[in-house]
Amino acid sequence: MELIDYSTSVWAVVPPILALLLAIVTRRVILSLSIGILVGSLMLADFNLVNAFSYLKNNVISLAYNDEGLNTNNINIVLFLFLLGVLTALLTVSGSNRAFAEWAQKRIKDRRGAKLLAASLVFVTFIDDYFHSLAVGAIASPVTDKFKVSRAKLAYILDSTAAPMCVLMPVSSWGAYIITLIAGLLATYSITEYSPIGAFMTMSAMNFYAIFSILMVFFVSYYSFDIGSMVRHERTALERHIEIEEEQTGVQGHVRNLILPIAVLILATVGMMMYTGNEALAQDGKPFDILGAFENTTVGVSLVVGGVSAVLISTICIVLDRQVSINEYGKAWIVGIKSMLGAVLILLFAWTINNVVGDMKTGVYLSSLVSDSLPIAVLPALLFVLTAVMAFSTGTSWGTFGIMLPIAAAIAANSAPELMLPCLSAVMAGAVCGDHCSPISDTTILSSTGAKCNHIDHVTTQFPYAMLIAISSIVGYLVLGFTQSGILGFVATGGVLVVLGVIFKRN
């Protein structure tokens, strides 16, 4: 079936924008995504019902099976979600979550400490955004629940430290992917004054949105800087006792039974990432190096191996303690799997609409709005805005990187070579910003899941913080474009953010 080409039409943005608006207005994510998917399918099939149904059927099947065989990446991510659900349930039924919360409560004296703990864990789990959101959610939620930190605040902390940290770190799944793209661009335009990793580090220093997102998390955690609907969620959490599932079990757990599985989860995942990356390097006849391994790793397989290892260790700990019956153990598996069904369903619908958006060529249309006849100095700021809109509409940072980095490089090479790295950095920042705000972003969905927070509550409470940083970043990229100074751009971003923060807090 030949699909209608919307690459040059504003109609390309209709399905994603419709789904996003409906999700925010109705707060019913599945319904909203379904309508966006159906409208997009009909548009692509020129409103032929039979062809639209055929397209939609093939789209759904491709989530698990495509022309290349099994879609192992999607399957592995879903398996990892279920494994995390099971692991969390096992930690609950064994009393380990409660033991850790009690242990932490003796050392963490207040809500500030609980929030800072959740934020600080990113320095351990920055290897992948999926991994970070789910693993840190499992570790931190018992503590934040103890101190009555709202689930919306925890989801914000998870999301605002996931992609922003991953995009800044060369030794992460994100960093390796971006460095690969940069290497190709540097070769295309014969740029030799930077190595790919050198260019990446320079761009990271100018990634104002990611840097200030992380700084904002720690500021919010320390000073309880609550704005927008976050104020209501925090007040509700303080006034109403949050029921903690693990408190209903009589099992006296041990902190080590939580620390060991989580440590194994991290070590096994990282180790498998190194292994699969090295296997790919060996097939190409290349020697092993850490960055190369991360660049060629198979993230989905690594996450599943880490999840299976953690569940196995948790099971061994339960058997050795002899406090949980076989019946309770079996029920924990069922509870864990059920707890992830909602997240998996949303994720499947998000992947489906992402495929529809790709076939609508929404990204191609949005990228065509960039013109190389624009004033040179405003290029970084405009690229930031356009990339953010694209990532928001498509729900993917990685896809946006793939489209916008080559476009930004081409524009800069032809009109302002001196702004090559600032322009590429603005694209990196914009992609994270749009992905950060989008209800259909994988990372946004998994942050809600990790914090056990209503998805739309997370989206609406995080949005004001993201907009503060986005507006400040636009000013920073304008200053960077006019002065070509990353330091002045950084200072301008920070200054504007402080002013906007004061205004928002007063209002």
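What follows is a chat about salt bridges and a surface patch in a predicted model.

Student: How many salt bridges does a search of the whole structure find?

Tutor: The search of this predicted model finds six salt bridges. One of them joins K153 and E234, whose closest N and O atoms are 3.2 Å apart.

Student: Where do K153 and E234 sit in the chain?

Tutor: K153 belongs to helix α8 (residues 151-168) and E234 to helix α12 (residues 230-239), so that the pair links distant parts of the chain, 81 residues apart.

Student: And is K153 buried or exposed?

Tutor: K153 counts as buried, because its relative accessibility is 0%, and E234 counts as buried too, at 3%.

Student: Which residues are linked with K153 in a network of salt bridges?

Tutor: The network links K153 with R111, D226 and E234.

Student: What about R256, which residue does its side chain meet in a salt bridge?

Tutor: The side chain of R256 meets that of D321, at 3.7 Å from N to O. Since R256 lies in helix α13 (residues 256-283) and D321 in helix α15 (residues 299-321), this pair ties together parts that are 65 residues apart in sequence. R256 is partly exposed, with a relative accessible area of 46%, and D321 is also partly exposed, at 22% relative accessibility.

Student: Changing topic, which residues form the nonpolar patch on the surface?

Tutor: That patch is formed by L215, I487, F490 and V491, which together have about 390 Å² of accessible area.

Student: Which helix gives the most to the patch?

Tutor: Helix α23 (residues 486-506) does, with three residues. I487 has its place in this helix, and I487 is exposed, because its relative accessible area is 65%.

Terms used
Residues are numbered from 1 along each chain as its sequence is written. This is a predicted model: local features need pLDDT of at least 70, side-chain atom pairs count only at pLDDT 80 or more; totals for chains, interfaces and linings use all residues. Side-chain values use heavy atoms; hydrogens and water are left out. Patches are made of residues with over 30% relative accessible area and no salt bridge: like charges are joined within 9 Å, nonpolar side chains (Val, Leu, Ile, Met, Phe, Trp, Tyr) within 5 Å. Accessible areas come from the Shrake-Rupley method with a 1.4 Å probe; for residues, only the protein chains shown count as cover. A salt bridge is a side-chain nitrogen of Lys or Arg within 4 Å of a carboxyl oxygen of Asp or Glu. Helices (H or I, at least four residues) and strands (E, at least two) are DSSP runs, numbered from the N terminus. Buried means under 20% relative accessible area, exposed over 50%, partly exposed in between (1.4 Å probe, protein chains only).
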